[in-house]
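Let's walk through a model together, one question at a time. Here it is.

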Amino acid sequence: QDLKPENIFFIDLHRKFPGLVGGHGLHYQVLVGDFGNADLFRDAGKNSGTRPYMAPEQFQTEVIGASAGAAMDIFALGIIAHECLCDGLHPIGEITSDVWPRRAGVSRRWGEKEVWRDWAMSESKDLSCLRKYSPVALFKALSDCLAVNPADRPTLEDLDKYLWQSLILTDPSSAQGIRVQIDWFESNYQAESWPYFDERIDVLRKFYSQRP
């Protein structure tokens with residue numbers, strides 16, 4: 001529900017495993033962490049988030065069903081991908097860190113909910129920068145991530161497929177090794193093997209749901 005750059009963390013695998021230096025595999029392991037808004041719409045019925053990364057449906061007042069969570073994350077992933085490929089440029093047309101969070105010297109308009117809501121709900125988003133810098137095989141998938149209608153966005157499974165297809169096309173020599181690495185990482189984060197972690201997450205969610 002609150003996927004954004006501040007909630008994405010990196011582990012430098014070349015420091016952790018010096019033997020990987022010079023190889024064709026992953027340089028960084030990416031982790032997502034958030035103990036505030038994560039799944040708050042499911043646990044407390046709150047449609048909150050961080051405005052530059054909120055999907056259109058998060059701006060509505062009606063409670064969102066739990067099944068909508070993946071589509072929200074896909075929308076945020078589309079924005080983050082745009083920022084990564086376009087040197088920090090949000091699809092709204094501004095460098096995100098220049099206007100959010102709003103502070104002294106930044107136009108008041110960027111602190112208004114309506115500005116971000118109207119952009120998210122726009123059917124005609126300007127994706128010319130994304131088209132210029134995105135791998136050709138990924139452009140449609142990433143642009144579809146920003147669809148107003150959640151049903152028009154790719155599923156997590158579809159996006160995973162498109163990412164692998166793009167990697168195989170652009171860097172086939174690295175694709176196989178990266179697949180092995182990712183399978184290994186994912187095998188270490190199976191929910192059923194972390195009961196204490198799940199318990200801590202549940203306690204934190206209850207704590208944050210009671211905050212005003």
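**A look at the model**

T96 lies in helix α4 (residues 96-99); helices here are DSSP runs of H or I with at least four residues, and strands are runs of E with at least two, numbered from the N terminus. This is a predicted model, where local features need pLDDT of at least 70, side-chain atom pairs count only at pLDDT 80 or more, and totals for chains, interfaces and linings use all residues. Residues are numbered from 1 along each chain as its sequence is written, and side-chain values use heavy atoms, leaving out hydrogens and water.

Me: Is T96 buried or exposed?
Reply: Buried means under 20% relative accessible area, exposed over 50%, and partly exposed in between (1.4 Å probe, protein chains only). T96 has contacts, meaning heavy atoms within 4.5 Å, with P52, Y53, E83, G88 and H90, leaving aside neighbours within four places in sequence. With a relative accessible area of 6%, T96 is buried.

Me: How many disulfides are there?
Reply: A disulfide is counted when a pair of cysteine sulfur atoms lies within 2.5 Å. For C84, the closest cysteine sulfur is in C86, 9.6 Å away, so it is too far for a bond. By this rule the count is 0 disulfides.

Me: Which helices do the buried residues of α8 pack against?
Reply: In α8 (residues 156-170), the buried residues are L159, W164, S166 and L167. They cover an arc of only 160° around the axis, judged by directions from the helix axis to the C-beta atoms, so they sit on the same side of α8. Their packing partners are α3 (69-85), α7 (136-144) and α9 (172-187).

Key. Expected span 1.5 Å × (residues − 1).
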